[in-house]
Amino acid sequence: MVEAAVSYQGVTFRYHEAGAAALQDFTATVPKGRLTAVIGHTGSGKSTLMQLTDGLLTPTAGQLEVLGQVITPRTKNKALHQLHRQVGFVFQFPEHQLFAETVLADVMFGPLNLGQTPAQAKQAAHQALVQLGVGEALWQRSPFELSGGQQRRVAIAGVLAMRPQLLILDEPTAGVDPDGQRELLALVERLKGQGLTILLITHQMEQVAQLADTVLVLAHGQLQFSGQPRALFAQPEFLTTQQLALPAAVAFAKQLQTAGISQFNQLPLTLDELAHALARQLKGDHHEQ
Amino acid sequence: MIEVSNLTFQYPHQDQPVLQGLSLTIPTGQWLAVVGKNGSGKSTLARLIAGLLPTPAQTIRVNDLPVDEAHLAALHHQIGFVFQNPDNQFVGATVEADVAFGLENRQVPAAAMEPRIEQALAQVGMTAYRHHQPEQLSGGQKQRVAIAGALALQPQILILDEATSMLDPQGRQTVLQRLQQIHQAQALTIISITHDPVEVAMADQVAVLDQGQILRLATPAVVLNDQALVQQVGLVQPFSMQLRDRLQHYGVPVPKEYLTKGALEQWLKRQLATRA
Ligand SMILES: Nc1ncnc2c1ncn2[C@@H]1O[C@H](COP(=O)(O)OP(=O)(O)OP(=O)(O)O)[C@@H](O)[C@H]1O
Ligand SMILES: Nc1ncnc2c1ncn2[C@@H]1O[C@H](COP(=O)(O)OP(=O)(O)OP(=O)(O)O)[C@@H](O)[C@H]1O
Ligand SMILES: [Mg+2]
Ligand SMILES: [Mg+2]
C-alpha cells in the first residue's frame, strides 16, 4: 500500500446553508508520489474539492487529512498556514491568483513568503519562468497586461517556484498553446518522477490516459469511480453517463474492432500504444499485441 | 463581410506592435478558426474587430460599417462575443439577468426576450441555474452562461475566444454541434479562436497568426497537413494525422495526404485486409 498524501473522510461541503451540497459525503485517498486525475462533468465539485484540499475552504461535515494536517469543520484558518506553504495550487482561472505589479514580483512572492532571501527567490522565479516558457521580455510587465495563455504560464511558474510537496493543477492546459501543453505535461511527468504528489483536474481524457496513476470521477459532488485509467476507459457506457468520453485512441481502437478491421487483446490507451499495436498488425506480426 | 486592411496595433506603453500590417477578409457566413501561439495577438485582433479596443481608423470594416466610435452601437448589434475569461463578461446579478442584459441593450421587445433567454440557457444546459449569481458558478458553468449570452443575441457574427476550453467532453460536443447547426442554417459568421484540433477541423478556413501577421489562410486540410507550418507555429494536428505520423514512426508506409478519421479507417481496412 502506498502512503496517502490526502485522505477525504466523508467530506460534505455547502456554499450556502440552504443550497445544494457541492460535495456530498466524499471519501477517497490520494496516494503519495503519484498523479491522481480528478474528472467529472461541469459543476461536479472538482474545484471545490481542491479548495478544501488546500485549506481555502473547510468542510461543512466530515474531515480530511492533507499531508498529516487534519481539517475539520472547526479548524481555524490560522492552523492552516503551514499547509498553505506545502500545497501549491494553480487555480482554474489564473487571473484570480495574479496580483503583483510585475510578472517577476508575482513569481518571487511565494519563495519570499517561505523565507527565502531576495536573491534566492529571484533565482527560483527565473528558473520557474524559463521552465514555463515565459520570455524575459515579459518579466517587468504587469501580469494583467498579458495574454490569457501567458497569464496561466506565470501562475503556474509562481506555484512551482514554491517547490510544494503537493501540487494541485486545476485545468492547467486550458488556454495554453499546443507546444506549451506538451512542455507542461512533460514537466508534470518529470515532477512526478521526482516524487511530487500531483492532483490534476482536466477535461482531456488523453491527459488522464497518459499521465494518471489513479482517477477519481465526480458527479454532483459524489464519488463515482476511483481506480486506474485502464479500468475506467474499459467502461464507455459509464463514461457517457458521466458526460465524459473515451480518449481518442481508445475510441478509435474500439471503432476498428467494431468494424471488424482490427482486434486488440488489450485495448490501447494512448496514441502511441495504438500506433504500436497497429504497426505490428500491418507488418504481419499477428501473434503479438 | 469583415475586412481588415493593413492593421497595425500597439498597446500603450509597449515598445512593439502586436499586430503589424495585418490584412484579412472574412466573407459572410464563413467559419474561420484563428490559431497561433500564446501572445501572438489572437484576442487582440478579435477585440479590435469588435471595437473593444481603440481600433485604428480605417483599418476594419464589418458589413460595410467602419469600426470606430461613431459606429460602435450599430456594430454591437451585429456581433456576439464570448471572452476568453468569462469573468470579464458578466454584468448581470443573476444568470438570467446577465443574458437579458444584452437583449435589453439591443432593444429586443420584452415579450420576445423570455423565450430567447430560455432557449439559450437550455442550449447550454444551464436552465437550472438561471437564478444563480454568475460569480458563484463553476468554471465550465461560467463558460456555458457566456456562450448562452452570445447565442441569445442571435448575432450575425459570433466571436468565440477559446469559449469551450473548460467544458466537459460532452458539453463541448453539444455546443460545437449546436454552433454547426446555426452556422449552416443561418449563414452565421463565426470567428473561433482555439487551440483545439477538433474545433480547427470544423472551420471552413484557418488563419494562422504569427509575428503580427496572418502567416497562412487556408482550409484546415491544407494548414494541418503542412508539416513545416505545423512545426513553426506549433499547431496540434487532429488525431488522425497524429496517428498517421506515429505509424510512420513505427515504420509503416502511410499516405502523405490529409486524412480524416474515416479515411484513415478505410486505409487501415484495406491494408489489414491484404495481410489477413
Ligand atoms: N492590456 C495589455 N497591455 C499590454 N500588452 C498586452 C495587453 N494585452 C495583451 N498584451 C500583449 O499583446 C500580445 C498579444 O496578446 P493577445 O492576448 O492578443 O494574445 P493571444 O494570441 O490571444 O494569446 P493567448 O493564446 O495566450 O490568449 C501579447 O504579447 C501580450 O503580452
Ligand atoms: N462560490 C460559490 N458559491 C456558490 N456555489 C458555488 C460556488 N462555486 C461553485 N459553486 C457551485 O458548486 C458546484 C461545484 O462547483 P465546482 O466549481 O467545484 O465545479 P467543477 O467540478 O470545478 O466544475 P467545472 O468543470 O465547471 O470547473 C457547482 O454547482 C457550482 O455552481
Ligand atoms: Mg472547476
Ligand atoms: Mg487570447
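Analyst: First, a definition. Ala, Val, Leu, Ile, Met, Phe, Trp, Tyr, Cys and Pro count as nonpolar. Asp, Glu, Lys and Arg count as charged, and the others, Gly among them, as polar. The model is predicted.

Now the shell. Ligand 1 is surrounded by 21 residues. By class they are three nonpolar, 13 polar and five charged. The closest are A:S147, A:G149, A:Q150, B:K42 and B:T44. The surrounding residues come from chains A and B, so the site is shared between chains.

Next, the contacts. From chain A, a polar side-chain atom of A:S147 sits 2.6 Å from an oxygen atom of ligand 1. Chain B contributes through B:T44, with a side-chain N or O atom 2.4 Å from an oxygen atom of the ligand. B:S40 uses its backbone instead: an N or O atom there lies 3.3 Å from a ligand 1 oxygen.

How much of ligand 1 does the protein cover? On its own, the ligand has 640 Å² of accessible area, and the protein covers 90% of that. Which elements give two or more residues to the shell? They are helix 5 (148-160) of chain A and helix 1 (42-49) of chain B.

To sum up, chains A and B share the site, and polar contacts to ligand 1 include those of A:S147 and B:T44.

Definitions and conventions: Residues are numbered from 1 along each chain as its sequence is written. Chains are lettered from A and ligands numbered from 1 in the order in which they are written. This is a predicted model: local features need pLDDT of at least 70, side-chain atom pairs count only at pLDDT 80 or more; totals for chains, interfaces and linings use all residues. Side-chain values use heavy atoms; hydrogens and water are left out. A residue is near a molecule or strand if one of its heavy atoms lies within 4 Å of it. A polar contact is a pair of N or O atoms within 3.5 Å; within protein, one must be able to donate a hydrogen and the other to accept it, and residues adjacent in sequence count only if both atoms are side-chain atoms. Accessible areas come from the Shrake-Rupley method with a 1.4 Å probe; for residues, only the protein chains shown count as cover. Helices (H or I, at least four residues) and strands (E, at least two) are DSSP runs, numbered from the N terminus.
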